[in-house]
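Thanks for asking me to look at this one.

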Amino acid sequence: MTRTIVMLALTFPTAHAQPPPKSAPCPCGTSRTLGAWCDKHEAGYIANVKIESVDLFEWLDAHGHHIDPDKIECPDCKIAIRDNGYCERCKMGYVKREAYLSRLTYHIAKARPRKAAELKCLTCGNNARRFGWCDRCQVGMIGSVEIAGRQDYEKAAESFRILLIAVTAAPKCESCALAIVSDTTCRACSITYKNGKPVPAPAPAPSSPRR
Ligand SMILES: [Zn+2]
Ligand SMILES: [Zn+2]
Ligand SMILES: [Zn+2]
Ligand SMILES: [Zn+2]
């Protein structure tokens, strides 16, 4: 819900949020970091992870949004815009003055895309298959992107780990996949997720709280 409110502060339409024209070449070969949805292959990519659920891909919102810095009122966001930072309060990150609406897409936008062939270090190469930190190189990989700071890496890796769980769940139930990435409940399966794991459903709020 905060997401919807936050979206209102963003200026629309943005050039690259538009669907590509029908004649556009398939983006699958090139844009696998924060890619566009490909109608032909029915897939999109985030850090080289293939996502075949259009609902999940759209929810992940894998692109930056142009912002009008004058319309941003949150003081933490103002600092984040200046420093390519993340605002914990608004759950939005900024890279090159564009807004990203999740930790994962923010960290990926800020990270350095790497090709598997470029990774000379064995540990980093292995890390790129899923995710991991390399003490020797002092960088972390989440999928195909390299993250420089340990703190940034830990936060990005946690959201990436949850993404991988959602991608695995999507073929069985797309609504579960969405509940996994958003810490909510799949209504179809009545399963509530937190940090990528099913948890007991929250107790219904008492109708007449008495104290
Ligand atoms: Zn394609
Ligand atoms: Zn903020
Ligand atoms: Zn390494
Ligand atoms: Zn489900």
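The points below start with the whole chain, then turn to a sheet and a glycine.

1. Please keep in mind that this is a predicted model. The protein chain has seven helices and 13 strands. Of its 211 residues, 32% count as buried.

2. On contact range, consider pairs of residues in contact that are at least 6 apart in sequence: 42% of these contacts join residues at least 24 apart.

3. Next, have a look at the open sheet made by three strands, in the order β11-β12-β13, with antiparallel pairing. The edges are taken by β11 (185–186) and β13 (197–199). Each of these has a single partner strand, so one side of each has no neighbour in the sheet.

4. Within that sheet, β12 covers residues 191–194 and is joined to β13 by three bridges, the two strands running antiparallel. If you want a residue pair to check, K194 has K197 in β13 as its bridge partner.

5. Is G143 buried or exposed? This glycine sits in the loop between β9 (139–142) and β10 (145–147). G143 has 23 other C-beta atoms within 10 Å, and the cut-off for a buried residue is 20 or more, so G143 counts as buried.

6. Which residues does G143 touch, leaving aside those up to four places away in sequence? They are A47, N48, V49, A128, F131 and F160. For a distance to check, the C-alpha atoms of G143 and N127 are 7.5 Å apart, with the two residues 16 apart along the chain.

Key:
Residues numbered from 1 in each chain as written. Chains lettered and ligands numbered in written order. Predicted model: local features only at pLDDT ≥ 70, side-chain atom pairs only at ≥ 80, totals over all residues. Helix = DSSP H or I, 4+ residues; strand = E, 2+ residues; numbered from the N terminus. Buried ≥ 20, exposed ≤ 12 C-beta atoms within 10 Å, placed from the backbone. Contact = placed C-beta atoms within 7 Å. Pairing = 2+ DSSP bridges.
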